[in-house]
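Here is a short tour to read with the model open beside you.

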Amino acid sequence: MKKNRIRILPILAVGFIALIIVLLFFLFNSSEQQAKRVVHDFYTYEQEGDFSSSWQLLHPYMKDKFTKGHYIQDRAHVFMNHFGVTTFSYEVEGVEKIKDWKMEEDLEALNEVYMMTVIQTYKGKYGHFDLYQNVFAAKEEEEWTILWDYNK
């Protein structure tokens, strides 16, 4: 009887490890984590001045507001030239799931949206300051995308 227990222990150990790996995979690949990841990707591109790549992560509703060329030019001009900085640091705080959220009143509601607060810290010719903005992430055609709130 003791021999059988010894043979079962390695099988149980492997099963336990496999279960932990599966749980960790689902934990780190949850919708919430994927939404948070796209927000980090977006602001990493913005930090690097790669506004072309950050524009690619915008939701189609956002792309309707800004052509790619206009977005690239405007972001660089406003944030880098006006603020007198070459880059910024940022933090992402909180994650809240929202159902049936609208970017603007007259647009169709999005079913699954995650809201996070992004704090961008600038150190430039006008001193140090923080810019707080609620940022939204929604899945569009199997890809997570970025939105901002334009409601009144």
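## Starting from Gln 120

The side chain of Gln 120 reaches the side chain of Tyr 122 in a polar contact of 2.9 Å. A polar contact is a pair of N or O atoms within 3.5 Å; within protein, one must be able to donate a hydrogen and the other to accept it, and residues adjacent in sequence count only if both atoms are side-chain atoms. Please keep in mind that this is a predicted model, in which local features need pLDDT of at least 70 and side-chain atom pairs count only at pLDDT 80 or more, while totals for chains, interfaces and linings use all residues. Residues are numbered from 1 along each chain as its sequence is written, and side-chain values use heavy atoms, with hydrogens and water left out.

Is Gln 120 buried or exposed? Gln 120 counts as buried because its relative accessibility is 2%; buried means under 20% relative accessible area, exposed over 50%, and partly exposed in between (1.4 Å probe, protein chains only). Setting aside neighbours within four places in sequence, Gln 120 has contacts (heavy atoms within 4.5 Å) with Tyr 43, Phe 88, Ser 89, Tyr 90, Phe 129, Asp 130 and Leu 131.

## The strands around it

Gln 120 belongs to strand 2, and Tyr 90 stands opposite Gln 120. Helices (H or I, at least four residues) and strands (E, at least two) are DSSP runs, numbered from the N terminus. Two strands pair if DSSP finds at least two bridges between them. Strand 2 has these two pairings:

| Strands | Direction | Bridges |
|---|---|---|
| strand 1 (residues 89–101) and strand 2 (residues 110–124) | antiparallel | ten bridges |
| strand 2 and strand 3 (residues 127–140) | antiparallel | twelve bridges |

Strand 2 and strand 3 make a hairpin, with two residues between them.

## Aromatic rings

The structure holds nine aromatic pairs. Rings of Phe, Tyr and Trp (its six-membered ring) pair if their centres lie within 6.5 Å; planes under 30 degrees apart count as stacked, over 60 as edge-to-face and the rest as tilted. Phe 42 and Tyr 43 form an edge-to-face pair, because their ring planes stand at 75°, with the centres 4.9 Å apart. Phe 42 is buried at a relative accessible area of 0%, and Tyr 43 is buried at 0% relative accessibility.

Phe 88 and Tyr 122 make a tilted pair, since their planes lie at 40°, and their ring centres are 5.2 Å apart. This pair links distant parts of the chain, 34 residues apart: Phe 88 sits in the loop between helix 5 (68–82) and strand 1, and Tyr 122 in strand 2. Both Phe 88 and Tyr 122 are buried. Ring pairs also link Phe 42, Tyr 43, Phe 66, Tyr 71, Tyr 90 and Trp 148 into a cluster.

## The whole chain

Stepping back, the protein chain has five helices and four strands, in the order α-α-α-α-α-β-β-β-β along the sequence. Of its 152 residues, 29% count as buried. Among contacts between residues at least 6 apart in sequence, 58% join residues at least 24 apart.

How confident is the predictor? The average pLDDT (the predictor's confidence in each residue, from 0 to 100) is 86, and 81% of the residues score at least 70. Confidence is lowest in helix 1 (residues 2–28), with a mean of 55, and highest in strand 4 (residues 143–148), at 98.
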